[in-house]
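Dear colleague,

My findings follow it, grouped by region.

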Amino acid sequence: MDLRCLKCNSTDLKKVSLAYQEGLYRTDARTRLSAALVGGSGPDLVVGRATTQASQQSPLSKRLSPPAKWSYLKVGSWSVLTFLCVGWLVFYVNTVTTNSSTVSSPPLTFFALISAAIFALMMFLVRSHNHTAYAQRYAQWDQSFICQRCGDVGQQELQDKS
């Protein structure tokens, strides 16, 4: 089996997932400090610990990043924030215009129902994307290669050397 770059015909290809991982640098460091001190108020003991975690990513690795799933948390957070802001506005306008002291009103109830329907639709779209489009894009990314000579990224088809 022979893999060749479609652009420059080079055989120097590397799997995209491997090139992505090679560009990630993660560091975990732990330190511990123990000391005995003698001062004006007498002897004392100092003990401390620190944990440091860091990561760096090369520009090539960023370019070759796998596709990301859409976040349920982001959609939920933005939905709640929007619901509270617009809901407060609907409540305020309804209270001021009708001089009403009741919390529940037909416009507020209608707004809550519409908001719930939009929220359910957004969650459905996120789930749908994560189970179809994301899966396809991830499979395509996982089967892609990068040419080490010209930098072209694409899916390669296996060719027999006959």
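A residue is called buried here when its relative accessible area is under 20%, exposed when that value is over 50%, and partly exposed in between. Trp 141, with a relative accessible area of 12%, is therefore buried. Please note that the model is predicted, and that the values in this message were computed from it.

Aromatic residues

The structure holds 4 aromatic pairs. In one of them, the rings of Phe 83 and Phe 111 have their centres 5.4 Å apart and their planes at 10 degrees; since planes under 30 degrees apart count as stacked, this pair is stacked. Phe 83 belongs to helix H3 and Phe 111 to helix H4, so the pair ties together parts that are 28 residues apart in sequence. The two partners fall into separate accessibility classes: Phe 83 is partly exposed at 35% relative accessibility, whereas Phe 111 is buried at 16%.

A second pair is formed by Tyr 138 and Trp 141, whose ring centres lie 5.4 Å apart with planes at 40 degrees, so that this pair is tilted. Both residues lie in helix H5, 3 residues apart, which is about one turn of the helix.

Helix H3 runs over residues 72–98 and contains 27 residues. From its first C-alpha to its last it reaches 38 Å, close to the 39 Å expected at 1.5 Å a residue. The N-terminal end of H3 is capped by Ser 71, which has a side-chain oxygen 3.2 Å from the backbone nitrogen of Leu 73. Val 75, Gly 76, Gly 87 and Asn 94 are the buried residues of H3, and the buried residues of this helix pack against helix H4 (106–131).

Helix H4 also holds Asn 130, which is buried with a relative accessible area of 8%. Leaving aside neighbours within four places in sequence, Asn 130 is in contact with Lys 69, Trp 70, Tyr 72 and Ala 135.

Helix H5 and Arg 137

Arg 137 is found in helix H5, which covers residues 133–142. Apart from its neighbours within four places in sequence, Arg 137 is in contact with Pro 67 and His 129. Leu 89, in contrast, is 48 residues from Arg 137 in sequence and 41 Å from it in space, C-alpha to C-alpha.

The sheet

Strands of a sheet pair through backbone hydrogen bonds, in either a parallel or an antiparallel arrangement. Which order do the strands of the open sheet follow? The order of its 3 strands is E1-E4-E5, with antiparallel pairing. The edge strands are E1 (13–15) and E5 (153–155), each of which pairs on one side only. On average, neighbouring strands of this sheet are turned by 40 degrees against each other, direction ignored. Strand E4 (residues 144–147) pairs with E5 in the antiparallel sense over 3 bridges, and Ser 144 stands opposite Gln 155 in E5.

With kind regards

How values were computed:
Residues are numbered from 1 along each chain as its sequence is written. This is a predicted model: local features need pLDDT of at least 70, side-chain atom pairs count only at pLDDT 80 or more; totals for chains, interfaces and linings use all residues. Side-chain values use heavy atoms; hydrogens and water are left out. Helices (H or I, at least four residues) and strands (E, at least two) are DSSP runs, numbered from the N terminus. The expected span of a helix is 1.5 Å times one less than its number of residues. Buried means under 20% relative accessible area, exposed over 50%, partly exposed in between (1.4 Å probe, protein chains only). Contact means heavy atoms within 4.5 Å. A polar contact is a pair of N or O atoms within 3.5 Å; within protein, one must be able to donate a hydrogen and the other to accept it, and residues adjacent in sequence count only if both atoms are side-chain atoms. Two strands pair if DSSP finds at least two bridges between them. Axes are lines fitted to C-alpha atoms, for helices over the stretch in contact, and angles run from 0 to 180 degrees between N-to-C directions. Rings of Phe, Tyr and Trp (its six-membered ring) pair if their centres lie within 6.5 Å; planes under 30 degrees apart count as stacked, over 60 as edge-to-face and the rest as tilted.
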